[in-house]
Amino acid sequence: QVQVAESGGDLVQAGGSLRLSCAASGSILSTYSMSWFRQAPGKERELVASITSGGSANYADSVKGRFTISRDNAKNTVYLQMNRLKPEDTAVYFCNAVVRDTTFSLRNYWGQGTQVTVSS
């Protein structure tokens, strides 16, 4: 069994910074892409940033230049450094990990989400 857990969400003022962390643990053989999604009230879940095991990153246009995704493969952990936060960044942030587990199955795993609130 594989678990994915996020941490780091908080209330912050506009212009501030936060760093989110997400760790995958359990019966893991390999972790492939790891991604951050977010969902604001009344809106669909959207991709914020993703990173491959080799370190190639992609970002949503709305966060380019402000957010940075990184990972520690040895710890099966992905980070999201969020700078110059805006009220429109307010959402629940979810971590997604593509994992091959010890049964050799390749699956998507989701965390439970962490709340980020940016006040104006």
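Let us begin with a term: a contact here means heavy atoms within 4.5 Å. Among contacts in the protein chain between residues at least 6 apart in sequence, 55% join residues at least 24 apart. The model is predicted, with local features requiring pLDDT of at least 70, side-chain atom pairs counting only at pLDDT 80 or more, and totals for chains, interfaces and linings using all residues. Residues are numbered from 1 along each chain as its sequence is written, and side-chain values use heavy atoms, leaving out hydrogens and water.

Now for the fold. The protein chain has eleven strands and zero helices, where strands (E, at least two residues) and helices (H or I, at least four) are DSSP runs numbered from the N terminus. Its C-alpha atoms fill a box of roughly 45 × 25 × 20 Å along the principal axes.

What share of the 120 residues is buried? The answer is 42%, with buried meaning under 20% relative accessible area (1.4 Å probe, protein chains only).

Most residues other than glycine have a negative phi. Asn-76, however, has a positive phi near 50°, and sits in the loop between β7 (67-72) and β8 (77-82). Asn-76 counts as buried because its relative accessible area is 19%. Arg-84 also has a positive phi, near 50°, and belongs to the loop between β8 and β9 (91-101).

Methods. Buried < 20%, exposed > 50% of the residue type's maximum accessible area, 1.4 Å probe, protein only.
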